[in-house]
Structures are given as structure tokens and as C-alpha cells.
Amino acid sequence: MVERAEFTSYYGRPIVKKPVWKWPVPAYFFTGGLAGGSSLLGFGGAVTGNWRLARHGRRAGFVAILASTAFLIEDLGRPERFLNMMRVFKPSSPMSMGSWTLMLYGPTAGLAVVTDILHGAAHFPARGGAKRRPWVHALARSRLLDRVSFLGEIAAGLSGIGVASYTAVLVTDTSVPVWYAARRELPFVFVGSSMAASGGLAAVVNPAADCAPARRMAVLGSALELVASDVSRRRMRAGPVDVGEVYEQGRAGRLERLSQALTVAGAVLTGVAGRRRGAAAVGGALLVGGSLAKRFAVYEAGMQSAEDPTYTVGPQQARAAGLSEPPGRARGGRPARR
Amino acid sequence: MVSRTSFSGPLDPAPDAGWVDAPPHVGFFTDTSICIGCKACEVACKEWNGVPDDRFGLLGMSYDNTGSLNANAWRHVAFIEQPAAPEGSDGGFRWLMSSDVCKHCTHAGCLDVCPTGALFRTEFGTVVVQADVCNGCGYCIPACPYGVIDQRKGDGRVWKCTLCYDRLRGGLEPACAKACPTDSIQFGPLEQLRARAADRVEALHASGVAGARLYGADEHDGVGGDGAFFLLLDDPQIYGLPPDPVVPTKHLGKMWRAAAVAAATMLVGTLASFLGKRR
């Protein structure tokens, strides 16, 4: 680490503006990740004939995306204008690409739930011995429904991966110093977090006998999230200005430590004792909590890095100087007076 | 239209955005060496554009009680009090004053990331928000490398300098430039302004003002050059400006590639999870 020179900021004021996004946005990063991973589990369960995993994955995906949509609309300055997102298809805007991905994911995830219910109605007796309407049987047993649901579920799975990963680009494509600095690793952190949360949730709601794939997914995801976070952190530490130090400070620091603790504990418990129902449920819940904390840690770290002009000026000074000069650290703020 | 240069490098933005027979690219040259800190620009801007008040109060930052550019301040005069300047101003003290404004970047982060098309490139090469389209998603705010665009509280939409789009269309110069009593704020075709600014820097250097430098005039900088550029007398960060801003979308391709690899990792990881035993 190079020693820091000082620079005089403009009265200690931030240079870039921090996002006006409130808690629904990091909450959405969590539910969006949960949705994408759950749909994959649902599809995987269906293909492998694991109907419990399939049903719960499909439902979790759909519920999570309903919550996501509510969070997204809630955070708009003009919620009644949310459909303006559909005015343009704009590849230069990750939010536009994300909106269209959600437009594909939401309905296909809904379709997966509907076809799942129809199949259930056709193949299992109704409660209390009531008779099923014949058209339900006809529809549920038709090959057309099978094909539609299969294609729909492939679309939901692929667009679900999009929902789980694009949110990383959404935040790195900004002037928020710590997000921009994490542009290579954050997508891996986010998909890892998504896999950990959705695998964890499946371990909570399914019998242990049905969710070995979910447990493997959760452990893989946890490892991916932890490793990618660590690589990102190291890269920032090795740079001329350690923008990533915000992950050790204040609220972001507390959330980051909480997330690491929950994720490590959850992954170990799931990996070691996941075949026991109780252990699997506790481990899964820890992983869900770890993922949630991670999203809020990333959000808070971004806020903290935008508030301090040091993190905006330092990397830019270093870049302009070709990394040869020690970068700046803001002095108290106020220019020196005589 | 996405061309090779759409996210970085020199560019004439209006034709790139699809305008046919666009008028010349215009902007501001703000020569802070002759700014007297009168704030006529702030007042004229508020008057012409109907910008609401931005709280009345004292900030204790020299004569600056505006604080920053935001939804309700589209011009902001910065006041910097410095001890003895190397140029040898009297009493070993100098006062820097600079009227800041939206830079109307050639590659504008706010415009690139706007998901509704509310932000658009005008025929003059400037960047304007359509208030009747903006849904207040707030993405443009952290996208701006200068911290200019901002959400208006109680309104929900984002607002910033329009470079007086209405006045330009009527053949008038923007209100701030019109009101500036020292011509610190100059409006015109960027090509002319850049040439004039280069002459001015040379003249200042010749008269011993070694610290004079242009900011945002270089088309090869991280935003393809600013539509509103400045002559500063000290480092940009002293004025609250980023020293070497880069539009975040410059690296959007690399960001998507990273996300694509991550997405593939998730797919492969899930497939791998379904191999092996079910229990």
C-alpha cells in the first residue's frame, strides 16, 4: 500500500451523488437472486422427476418475483409511471435490459406454477373426494400443455439466470466508486449469493431426502460468493487506493461480517449435516440470511464510498498519474485558512 | 445506433444520436479566472427555468450557500478561499470562484443508463430530461461521474440543466450566459469555444498565471469531452470536480461479459448439482 498524499476537497463534500435508492433495491437484489435460483431448481427437479423440489422451486421463484416487482415499483419516484420502462429497448441501460428480462421471467415463472397446479390436479385426487372438472383433466393430460410448460420453464430458467446476474451490472455501471471498482467480480458474487439463497430456501421447505441437489447448489454458491468477494477485496487492496476498505467500516462493515459468518456457518452445516432435516433447515435459513445480508452490505458499501470524495478522487488521480504518484486522501474538508 | 465510438472517444453526438442536418454542437466555456462570484447565473437560471428554491440557509462555506449542483440548483458558484498563491496575489490570499453546471458530456452516463428514454440527446448535442417521461427510477444519479443530476424531493423525478433547450430552439443563448456580467460564462459552438479557451490559457500563462488549465476540453478524456468545459486556476478536486472522470458505460461491454461468464457459471453449477445422488 502506497502512502497517501493529501488533497483538499471542496469542503469535504462528495463529488458523485449517492443513489437515491432505498432498502427496496437491495431487497430486490436478494429476491431477484432467490427467484432465478429457485426457478432453476424447479426446472431441474421437474427434469429429474423430483416433484417436491420442482413444485417448491417453481412457487418460490414466482413469489420472489412478485415481491421483486413490488420492491422495484415501490422505489420509483413516480411509481404510476413504471410502465415507461417498456417505452424503449436500450442495450446501453442495464436497467432497461433488466426490465425486459423481468418481462420474460415473470410470466414464464407464473406459467410454470400454473401448469404445475394443473398437473397436480390431473394426477392427484381432489380433496374430500370431489370430482374434477373434465376439462381440467383433458388440459392437464394434453401433450400441448406438456410442451408449453417445458418451453416456458426453459425460458424461465434462462431468464431467471439473467435476473440473478444482471443486477451486478446494474450497480457496477455507475460512478459509485466501490461498485465500479468491483465490475469484474461482482456478477460472480451475485450469482453465488443467488445460488446459496435459493438452495438454502429449498433445504428449508423440502424434506432432506429430496433436496440433495439444492444442498449442493447452496454449498457451491456459498463458495463462489465467498471466493469472488475475497478476490474483489484483494484486487482493491492491491490498487493504489483501497476503495474496498468501506467493507470494513460502519454499517457496511457490520453487514459484511454478518453475511460472511452466516454464509460460512450455513454452508458448513449444510455440507456436513444436510442429510438431517433439522440441520438442513437451520443451515438453509443461515444461507438465506447470509445472502440477504450480502446484498445490503454491497448497497451500504456503495453509499459509503460515494459519500467520501477520497474514493472518487484517489483512483482517478492514480489513473491520471499512471499509478506512479501516491493517490490522495481528503483532508478534513475545509480548505486551509490563514 | 450503436457505433464503435458510441461509448468513448471523440464524437459529434447529435448526428450519432440520429439527428439529420443537426446544427453545430454547442456548449459553455466557463472562464473561472474572470468569475466575480455574483451568482447572477444562479438567479437567471432559476428565473428562466422556474427552478424551485433549494432551501434558504447558510452553509458556512465562504459565500457558497448553494452547496452543490442538484435538482433545484442547475448553476452553482463555488467559492474557495486559499492561502498565499504561487502567482503572488496581494496579501498572500486568493479567492477562487467558479460557476459549475451540467457538463453535457459527449458520452453521457445519465443518458446511457436511462431506462425510459426520458433523457435524450438534443439536436444541439446537449442532454435533456423529459419531465413528462421520467419515472424517477434514479439510475442516472449514480451514473453521472460529476454528481450533477438529482431527484427532486416531493416530485420524484430528476432534474438538471437543459442548457436552456427552449431558448436555444428560439435562437437565444442560455439564461446564465446572457446574465453573466463578466462573460465568465460564454456560450457558442464548441469548436469556437475550444479555440478561444486555448488562447485564453496561453495568455494567462504568459501573464504569469501558471495554474491556469482547461478542464473538460479534451475530446480524448473519459467522457469524450464536456459540452460545458472550464478554465480552472487550480486542481479540479479543489473545486469539487473529479480529476479524471470516466463515463461508467465506457466499460459496459466488459461488465456484460463478466456477467455472462457468471451466468454460465450459475447454469453449469446448477447442472452439476443435479448430477449425483438425489438424497
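I began with strand E1 (residues 26–31) of chain B, which five bridges join to E8(B), the two running antiparallel; strands here are DSSP runs of at least two residues and helices (H or I) of at least four, numbered from the N terminus, and two strands pair if DSSP finds at least two bridges between them. Within this pairing I found B:Thr30 opposite B:Ile185 in E8(B).

I noted that the model is predicted, that local features need pLDDT of at least 70 and side-chain atom pairs pLDDT 80 or more, and that totals for chains, interfaces and linings use all residues. Residues are numbered from 1 along each chain as its sequence is written, while chains are lettered from A and ligands numbered from 1 in the order in which they are written.

I then followed the open sheet of four strands in chain B, whose order is E8-E1-E10-E9 with mixed pairing. Its edge strands are E8 (185–189) and E9 (213–215) of chain B, each pairing on one side only.

Next I looked up the contact between the chains, which takes 74 residues from chain A and 62 residues from chain B (residues are in contact if their C-beta atoms, placed from the backbone, lie within 7 Å). On the side of chain A that touches chain B, H5(A) gives the most, with eight residues.

Last, I checked helix H8 (residues 212–238) and helix H9 (residues 250–273) of chain A, whose axes come within 9 Å and cross at roughly 150°; axes are lines fitted to C-alpha atoms over the stretch in contact, with angles from 0 to 180 degrees between N-to-C directions.

Conventions. Contact = placed C-beta atoms within 7 Å.
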